[in-house]
Structure formats: C-alpha cells, structure tokens
Amino acid sequence: ARRAARALVQRGPHAVLVSAGAAGSVLATRNGTTDHPSPKIDVVNPVGAGDCLVAGLADALARAEKLGDAVRWGVAMAAASCETFAAGMLERSRAEELYAMSSAI
C-alpha cells in the first residue's frame, strides 16, 4: 500500500489514500507517508467498509478537519461498519470510540 500510494503521488495529486483492508491505510503526500492502522475489532461483515472509509474522510474534510485526522475518522468509520452485519451500516458512537482509541497509537 505504501509503495502504491507513493507512486500515485508522484503522478501529481497532492495526497493519496490507499486502503489495505484489515492492515489499515497509508496516506501519502508530497511530504511523505503515514500509516493509519485499522483498530483490532471482531469483523462481522467487511462489505461496505471502503465506502464508509470514503464517507468518513469526506465528512471530516467537510468539517475542515486536518487531513490526517480525516483519515483517522474514515478508518474508524470503516472499522465500525465491519462490526455490523448490514453492509455499510455503523454505530456513530462506536466509530467515535475507535477514533479516540486511534489517537493513542
């Protein structure tokens, strides 16, 4: 994921986020890369997690959050969605809990 993210940034975008599923995500910018590990959860259904990652990222950016924090929020939403049976559904309070836990990493 790290190699792919770096290669994409070299093609011109200011930032690229590459998801590696349960292994987490990598954010690459022209200033370097940062790893965003997925929280350890009991996966019930991973379908829709990528959509939740993008939705969380967009939500946080729309609230003018910093890019790294927006990625953390997207990762937390994706993880929370994996804990539910219905694809793409999540409990916001659980996403908030996972987000708070990620700041300690």
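**Figure 1. Strand β2 in the predicted model.** This close-up, like the others, is of a predicted model. Strand β2 is mostly covered, with four of its five residues buried. On one side, β2 pairs with β1 in the antiparallel sense over five bridges. Five bridges also join β2 to β3, and these two strands run antiparallel as well. Facing residues can be picked out in both pairings. S19 stands opposite S25 in β2, and A15 stands opposite T29 in β2. Towards β3, the bridge partner of A28 is T33.

**Figure 2. The hairpin of β1 and β2.** Strands β1 and β2 form a hairpin that leaves five residues between them. In the turn, G21 has a positive phi of about 60 degrees.

**Figure 3. The hairpin of β2 and β3, with N31.** A hairpin joins β2 to β3 through two residues. N31 lies in the loop between these strands, which span residues 25-29 for β2 and 32-36 for β3. N31 has a relative accessibility of 80% and therefore counts as exposed, the cut-off being over 50%. Between N31 and R94 there are 63 residues of sequence separation and 32 Å of space, taken from C-alpha to C-alpha.

**Figure 4. The largest nonpolar core.** The largest nonpolar core of the model has 17 residues. V71, W73, A95 and L98 are those with the most contacts inside this core. Helices α2 (49-62), α3 and α4 each supply at least two of the core residues. The largest share comes from α3, with 10 residues. A second, separate core has six residues, among them A5, V9, V26 and A28. In soluble globular proteins, nonpolar side chains tend to be buried together.

**Figure 5. The surroundings of V71.** V71 is one of the residues with the most contacts inside the largest nonpolar core. Leaving aside residues up to four places away in sequence, V71 touches L17, L27, H36 and L57.

**Figure 6. The aromatic pair W73 and Y99.** The structure holds one aromatic pair. The ring centres of W73 and Y99 are 5.8 Å apart and the ring planes stand at 80 degrees, so the pair is edge-to-face. Because W73 lies in helix α3 (residues 67-82) and Y99 in helix α4 (residues 92-102), the pair ties together parts that are 26 residues apart in sequence. The two partners can also be described by their accessibility. W73 is buried, with a relative accessible area of 5%. Y99 has 22% relative accessibility and counts as partly exposed. R72 lies over the face of Y99, at 4.0 Å from the ring centre.

**Figure 7. The buried face of helix α4.** A95, L98 and S102 are buried in α4. Seen down the axis of α4, the buried residues fall within an arc of 65 degrees, so they line one face of the helix. An α-helix has 3.6 residues a turn, so residues three or four places apart point the same way. The buried residues of α4 pack against α3. Two of them, A95 and L98, are also among the residues with the most contacts inside the largest nonpolar core.

**Figure 8. V54 in helix α2.** V54 lies in helix α2. At 55% relative accessibility, V54 counts as exposed, because the cut-off is over 50%. V54 and G74 are 20 residues apart along the chain, and their C-alpha atoms are separated by 6.3 Å.

**Figure 9. A64 between helices α2 and α3.** A64 lies in the loop between α2 and α3. A64 is not a glycine, yet it has a positive phi of about 65 degrees. The relative accessibility of A64 is 68%, so this residue counts as exposed.

Methods. Residues numbered from 1 in each chain as written. Predicted model: local features only at pLDDT ≥ 70, side-chain atom pairs only at ≥ 80, totals over all residues. Heavy atoms only, no water. Buried < 20%, exposed > 50% of the residue type's maximum accessible area, 1.4 Å probe, protein only. Pairing = 2+ DSSP bridges. Phe/Tyr/Trp six-rings, centres within 6.5 Å; stacked < 30°, edge-to-face > 60°. Lys NZ or Arg CZ within 6 Å of the ring centre and 35° of its normal. Core = buried A, V, L, I, M, F, W, Y, C linked by side-chain atoms within 4.5 Å. Contact = heavy atoms within 4.5 Å. Arc of directions from axis to C-beta.
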